[in-house]
Amino acid sequence: MLSSIFQTILTNGTFNPTQFGVVTLTALLCGFIIAFAYCIKNKCSRSFAITLVLLPAIVELVIILVNGNIGTGVAVAGAFSLVRFRSVAGRGQEITSIFLAMAVGLATGMGYIGVAILFTLLISALNILMNVFKFGETNEGQRTLKITVPENLDYEGKFEDIFEKYLNHYNYEEVKTSNMGSLYKITLSVIMKNGVSTKAFLDELRTRNGNLDISLGRMVEGNDGL
């Protein structure tokens, strides 16, 4: 019984309407599961969700038509080589979901219905679990602090006593010049102590930096594109 899951319903590159309907519906179902799993705990546009639903069926159709036909395969490869993606690179999880949809389309196109469903459920469940339990996520209390100081201010050691008073942790991430070198912009990753006043923290900082720009915000999600 278990071995039947890993067997194909298509043989010798031929198929009938019933088989075509089964593999197409399976591809669409798997695409819906992939899109649903991705949308949980992720920001997902309507366009990307629809793409994940339809992509397995599109790949399945290409594979089922090419299967066993070398000439058609070469023609399809040439057609796909003309495609150019001019959008910005996606995040790692977006690219992973697209590859998963393509893999499922390949499996259904070859007639491996059981493999496609099993793999979709396994990877999607794992995806949901890791998102729900925030696997690999940085400390939620971590923030980005940006301080602008004049060029004549020796910022090294200038703010440390304030940091020790209000912060549990701080780390200098970047220092750069701006405004023709007349200003320094310091970027730090910080974790504030519980119960401290953000306003009081910023007020003490601006008395040291000449009342220039200071910003404190949530840590921007790192670049996880591939």
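Modeller: Contact here means heavy atoms within 4.5 Å. This is a predicted model, where local features need pLDDT of at least 70, side-chain atom pairs count only at pLDDT 80 or more, and totals for chains, interfaces and linings use all residues. Residues are numbered from 1 along each chain as its sequence is written, and side-chain values use heavy atoms, with hydrogens and water left out.

Colleague: What does Phe-201 touch, not counting residues up to four places away in sequence?

Modeller: Leu-145, Ile-162, Phe-163, Tyr-166, Leu-167, Met-192 and Leu-216.

Colleague: Why is a set of residues called a nonpolar core?

Modeller: Because its members are buried Ala, Val, Leu, Ile, Met, Phe, Trp, Tyr and Cys residues, joined through side-chain atoms within 4.5 Å. Buried means under 20% relative accessible area, with a 1.4 Å probe and protein chains only. The largest such core has 16 residues. Those with the most contacts inside it are Leu-145, Ile-147, Phe-159, Phe-163, Phe-201 and Leu-205.

Colleague: Which helices and strands each supply at least two residues of this core?

Modeller: Strand E1 (142–150), helix H6 (160–166), strand E3 (183–192) and helix H7 (198–206). E3 gives the most, with four residues. Apart from this core lies another, of 13 residues, including Tyr-38, Leu-52, Val-59 and Ala-116.

Colleague: What makes a helix or a strand count?

Modeller: Both are DSSP runs, numbered from the N terminus: helices are H or I, at least four residues, and strands are E, at least two. The protein chain has seven helices and four strands. Their pattern along the sequence is α-α-α-α-α-β-α-β-β-α-β.

Colleague: How much of the protein chain is buried?

Modeller: Buried residues make up 28% of its 226 residues.

Definitions and conventions: Buried means under 20% relative accessible area, exposed over 50%, partly exposed in between (1.4 Å probe, protein chains only).
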